[in-house]
Amino acid sequence: MNETAPTTSSSSSIFHNYPLISAILAFTIAQSIKFFTVWYKEKRWDPKQLVGSGGMPSSHSATVTALATAVGFHEGFGGPLFATALVMAIIVMYDATGVRLQAGRQAEVLNQIVIELPAEHPLSDSRPLRELLGHTPPQVIAGSLLGFITSSIGYIITMFGS
């Protein structure tokens with residue numbers, strides 16, 4: 001069967017790519033939330049929060065959920081593009097709460113071991129490992145909700161803008 005994918009956009013410009021814009025905007029909002037949360041709690045600016053991983057909400061989850069939802073709104077929820085985006089989103093979120101979270105916990109333990117090494121040990125001067133790598137389930141859920149809300153608002157805006 002030779003079907004072409006339906007498109008609702010008359011412009012092929014990257015600046016009118018609603019799924020891409022939704023994903024980037026969700027990522028930016030999630031990272032900004034982390035940045036301002038650190039400032040509010042610790043009264044210091046930490047630019048690393050704008051690009052770092054880990055923390056509340058999950059920017060990875062926000063990004064892939066916004067992308068999948070926007071693809072569903074734009075191309076239809078029954079098509080192969082949405083299926084691909086959904087599977088990718090599930091894998092990313094599973095990885096964030098599984099492998100990456102456990103790697104961060106292992107980094108905590110290893111950093112503590114290095115701290116307790118005698119000064120003459122060759123590893124005593126090693127750089128600490130990053131501990132904030134993964135996410136807890138609430139962080140992933142919050143990121144997913146942020147992504148869904150972002151793409152839904154974007155869809156409403158594109159409906160009125162057309």
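Contact means heavy atoms within 4.5 Å. Helices (H or I, at least four residues) and strands (E, at least two) are DSSP runs, numbered from the N terminus. With these terms, the tour can start.

This is a predicted model, in which local features need pLDDT of at least 70, side-chain atom pairs count only at pLDDT 80 or more, and totals for chains, interfaces and linings use all residues. Residues are numbered from 1 along each chain as its sequence is written, and side-chain values use heavy atoms, with hydrogens and water left out.

Begin with the whole chain. The protein chain has five helices and zero strands. Along the sequence, its pattern reads α-α-α-α-α. Of its 162 residues, 33% count as buried. Buried means under 20% relative accessible area, exposed means over 50%, and partly exposed lies in between (1.4 Å probe, protein chains only). Now take the contacts in the protein chain with a separation of 6 or more: residues 24 or more positions apart account for 69% of them.

Next, look at helix H1, residues 18–42. H1 has 25 residues, and at 1.5 Å a residue they should span 36 Å. The expected span is 1.5 Å times one less than the number of residues. The end C-alpha atoms of H1 are 36 Å apart, which agrees. The buried residues of H1 include Tyr18, Ser22, Ala26 and Phe35. What do the buried residues of H1 pack against? They pack against helix H2 (59–75) and H5.

Threonine 150 gives a view from the H5 side. This residue has its place in helix H5. At 10% relative accessibility, threonine 150 counts as buried. Leaving aside neighbours within four places in sequence, threonine 150 is in contact with Ser22, Leu25, Ala26 and Ile29.

Now turn to the aromatic rings. A pair of aromatic rings is described by the distance of the centres and the angle of the planes. Rings of Phe, Tyr and Trp (its six-membered ring) pair if their centres lie within 6.5 Å; planes under 30 degrees apart count as stacked, over 60 as edge-to-face and the rest as tilted. The structure holds five aromatic pairs. In one of them, the rings of tyrosine 18 and tyrosine 155 have centres 6.3 Å apart and planes at 40 degrees, so the pair is tilted. This pair links distant parts of the chain: tyrosine 18 is in helix H1, tyrosine 155 is in helix H5, and 137 residues separate them. Is tyrosine 18 buried or exposed? At 7% relative accessibility, tyrosine 18 counts as buried. Tyrosine 155 is partly exposed, with a relative accessible area of 27%.

The rings of phenylalanine 73 and phenylalanine 77 have centres 5.5 Å apart and planes at 85 degrees, so this pair is edge-to-face. Phenylalanine 73 counts as partly exposed at 24% relative accessibility. Phenylalanine 77 counts as partly exposed at 45%. Ring pairs link Tyr18, Phe73, Phe77, Phe82 and Tyr155 into a cluster.

Helix H2 also holds histidine 60. Histidine 60 is partly exposed, with a relative accessible area of 31%. Histidine 60 and histidine 135 are 75 residues apart in sequence, but 9.7 Å apart in space, C-alpha to C-alpha.

Isoleucine 157, in helix H5 (residues 137–161), counts as exposed at 55% relative accessibility.
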